[in-house]
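Please read them with the structure in view.

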Amino acid sequence: MELASWTQLLEQLHCPYRRDVPMADYTSFRIGGPADLMIEPETEDQVAAVVRHAGETGTPLVVLGNGSNLLVADRGIRGAVLHFGRGFSEILRTGEVSLQCEAGAQLASVCKRALDLSLGGMEFAWGIPGSVGGAALMNAGAYGGEMKDVLVRCRHLLPDGTVGERAGGDLELAYRHSAYSDSGEIILTVEVRLVPREAEQIRARMEELMGRRREKQPLEWPSAGSTFKRPEGAYAAALIEQCGLKGERVGGAMVSDKHSGFIINTGGATASDVLALIDRVKERVYTQTGFELECEVRMVGF
């Protein structure tokens, strides 16, 4: 990529950026080599200008939220990373029961804001370590709830830098999928519609779910959350355990002995370690059970 043109553009935009940024610092797996350029926009105009310039220069552009469902290659990312972080995380109340959240807002922050306003419906997301933009993109869910239950509208940026919107059925929300999964559109803001509820009731449910997470999930280890999607008619974790893969290792990567649906970084794991372990798990599960596991983790830089 031509760094000179990028540097000139970003300085004109007063848009924060850095070069050669270790992606291990930006993923919950704590794995990944350096990105050539890390761009951290603070306004929609900056995002639009970055997207247009990427198209004009042919620069690969990776969109990053909290990096909680991401495996970055050991060699890193050749091109630019558009990181929606603290500078793009505003949460506004837009109606009696509605919140509009910038894509970089953490799900934890959205949950806390809803609690403060005595609005229920986001409790399922308490403890999911992601951004609200990423959650909308993949229709994140847990414990019987998902974004589909609360998401009503997303504003997005098209590849040509113009703004569009999807709402209702146009969001195409399904299991770990939305219209944004394959569209190339970049989510800017997410609107959720909640329900009035007693704050103590909301808090109690959040505490209950967090307790269940701590009891059953290996939160003490770096990971990308659940590694595989739930296959139709079965549960990935049960299949993996049934095949004797609990505790299976490749280098520093291990199938968690606490929850076999998670691959964890026990220290010093590489992306190659994780990929090799994923392939081993998929092969053995298919050979022994006939179920073909589909990876839920997004792969970048390979």
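1. Salt bridges. The structure holds 16 salt bridges. The model is a predicted one.

2. Arginine 153 and glutamate 165. These two form a salt bridge, with the closest N and O atoms 3.2 Å apart. Arginine 153 sits in strand β11 (residues 151–157) and glutamate 165 in strand β12, so the pair ties together parts that are 12 residues apart in sequence. Arginine 153 counts as partly exposed because its relative accessibility is 28%.

3. Glutamate 208 and arginine 212. Here the closest N and O atoms of the salt bridge are 3.6 Å apart. Both residues belong to helix α5 (residues 199–216). They are four residues apart, so about one helical turn separates them. Glutamate 208 is partly exposed at 38% relative accessibility. Arginine 212 is partly exposed too, with a relative accessible area of 29%.

4. Lysine 258 and glutamate 220. Their side chains meet in a salt bridge, at 3.8 Å from N to O. This pair links distant parts of the chain, 38 residues apart. Lysine 258 is in the loop between β17 and β18, and glutamate 220 is in the loop between α5 and β15. Is glutamate 220 buried or exposed? It is exposed, with a relative accessible area of 52%. Lysine 258 is partly exposed, at 31%.

5. A network. Salt bridges with shared partners join Arg153, Glu165 and Glu191 into one network. Glutamate 191 also has a place in strand pairing: in β13, it is the bridge partner of glutamine 100.

6. Strand β7 and its partners. Strand β7 covers residues 98–102. It is mostly covered, with four of its five residues buried. Five bridges join β7 to β13, and the two run antiparallel. Strand β6 (residues 91–93) also pairs with β7 in the antiparallel sense, over three bridges. A hairpin of four residues joins β6 to β7. Within this pairing, arginine 93 stands opposite leucine 99 in β7.

7. A four-stranded sheet. Which order do the strands of the open sheet take? The order is β15-β18-β17-β16, with antiparallel pairing. The edge strands are β15 (223–226) and β16 (249–250), each of which pairs on one side only. Strands β17 (residues 253–255) and β18 (residues 262–265) are joined by three bridges. Methionine 254 has isoleucine 264 in β18 as its bridge partner.

8. Nonpolar cores. In soluble globular proteins, nonpolar side chains tend to be buried together. In this model the largest nonpolar core has 55 residues. Ile39, Met122, Met147 and Val190 touch the most other members. Leaving out residues up to four places away in sequence, isoleucine 39 touches residues including Trp6, Leu10, Tyr17, Val50 and Leu82. Apart from this core lies another, of 25 residues, among them Phe228, Val274, Leu277 and Cys295.

9. Two positive phi values. Asparagine 139 is not a glycine, yet its phi is positive, at about 50°. Its place is in the loop between α4 (132–138) and β9 (141–142). Asparagine 139 is buried, with a relative accessible area of 0%. Arginine 176 also has a positive phi, near 50°. This arginine lies in the loop between β12 (163–167) and β13 (186–193).

Key
Residues are numbered from 1 along each chain as its sequence is written. This is a predicted model: local features need pLDDT of at least 70, side-chain atom pairs count only at pLDDT 80 or more; totals for chains, interfaces and linings use all residues. Side-chain values use heavy atoms; hydrogens and water are left out. Buried means under 20% relative accessible area, exposed over 50%, partly exposed in between (1.4 Å probe, protein chains only). A nonpolar core is a set of buried Ala, Val, Leu, Ile, Met, Phe, Trp, Tyr and Cys residues joined through side-chain atoms within 4.5 Å. Contact means heavy atoms within 4.5 Å. Two strands pair if DSSP finds at least two bridges between them. A salt bridge is a side-chain nitrogen of Lys or Arg within 4 Å of a carboxyl oxygen of Asp or Glu.
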